[in-house]
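The stops below are given in the order in which to select them.

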Amino acid sequence: MRVTDDSSVKYAAVLRLLRVWKQLPESDLSRMLRQYYLITDDFREMEDQGLLTMAFVGDEYMISETLLGRLWLEQYSEKENSGNAI
């Protein structure tokens, strides 16, 4: 049997914070979601999927939600509320 890594819950948590704060430094986002042990590669994976953008500012990345990220979160939330979470 294969174990699959479903990152949907982690992605949703990141996108929910970004919806409220609009953009956050990587360190703040990781600290606020400490239970997920987020690292730069997690955010890069989300950026590769088009869910957020990362811009290097000063000495760390500023992370912002994209339109696709907003749409993904809306769809995820609808499925979560209907009891059929991804």
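The axes used here are lines fitted to C-alpha atoms, for helices over the stretch in contact, and the angles between N-to-C directions run from 0 to 180 degrees. The model is a predicted one.

**Stop 1: α1 and α3**

Select helix α1, residues 8-21, and then α3, residues 40-48. Their axes come within 12 Å and cross at roughly 85 degrees. Because angles of 65 to 115 degrees count as roughly perpendicular, α1 is roughly perpendicular to α3. Show side chains for the contact: Lys10, Tyr11, Val14 and Leu15 on the α1 side, with Asp42, Phe43, Glu45 and Met46 on the α3 side. By class, this contact of α1 with α3 has 5 nonpolar residues, 3 charged ones and no polar ones.

**Stop 2: α1 and α4**

The crossing of the two helices, α1 and α4, is left-handed. From α1, select Ser8, Val9, Tyr11, Ala12, Leu15, Arg16 and Arg19; from α4, select Gly69, Arg70, Trp72, Leu73, Glu74, Tyr76, Ser77 and Glu80. These residues make the contact of α1 with α4, which divides into 7 nonpolar, 5 charged and 3 polar residues.

**Stop 3: Gly69**

Stay on α4 and centre on Gly69, which is found in that helix. Is Gly69 buried or exposed? Its relative accessible area is 0%, so Gly69 is buried. Leaving aside residues up to four places away in sequence, Gly69 touches Leu15, Gly50 and Leu51. For a distance label, pick the C-alpha atoms of Gly69 and Ile39: the two residues are 30 apart in sequence and 19 Å apart in space.

**Stop 4: the largest nonpolar core**

Which members of the largest nonpolar core touch the most other members? Select Val14, Leu29, Phe43, Leu52 and Trp72, out of 20 residues in this core. At least two core residues come from each of α1, α3, β2 (52-57) and α4. The helix α1 gives the most to this core, with 7 residues. Now centre on Leu29 and list its neighbours. Not counting residues up to four places away in sequence, Leu29 touches Val14, Leu17, Leu18, Leu24, Phe43 and Ile63.

**Stop 5: two loop residues with positive phi**

Go to the loop between α1 and β1 (23-25) and select Lys22. Lys22 is not a glycine, yet its phi is positive, at about 70 degrees. With a relative accessible area of 58%, Lys22 is exposed.

Next, go to the loop between α2 (26-32) and α3, where Tyr37 has its place. Tyr37 also has a positive phi in a residue other than glycine, near 50 degrees. Its relative accessible area is 70%, so Tyr37 is exposed.

**Stop 6: Ala55**

Finish on strand β2, where Ala55 is found. Ala55 has a relative accessible area of 39% and is partly exposed. With residues up to four places away in sequence not counted, Ala55 touches Glu60, Tyr61 and Met62. A C-alpha to C-alpha label from Ala55 to Ser77 reads 27 Å, for a sequence separation of 22 residues.

Terms used: Residues numbered from 1 in each chain as written. Predicted model: local features only at pLDDT ≥ 70, side-chain atom pairs only at ≥ 80, totals over all residues. Heavy atoms only, no water. Helix = DSSP H or I, 4+ residues; strand = E, 2+ residues; numbered from the N terminus. Left-handed = near helix turned anticlockwise from the far one by under 90°. Contact = heavy atoms within 4.5 Å. Nonpolar A, V, L, I, M, F, W, Y, C, P; charged D, E, K, R; others polar. Core = buried A, V, L, I, M, F, W, Y, C linked by side-chain atoms within 4.5 Å. Buried < 20%, exposed > 50% of the residue type's maximum accessible area, 1.4 Å probe, protein only. Parallel < 35°, antiparallel > 145°, perpendicular 65-115°, else oblique.
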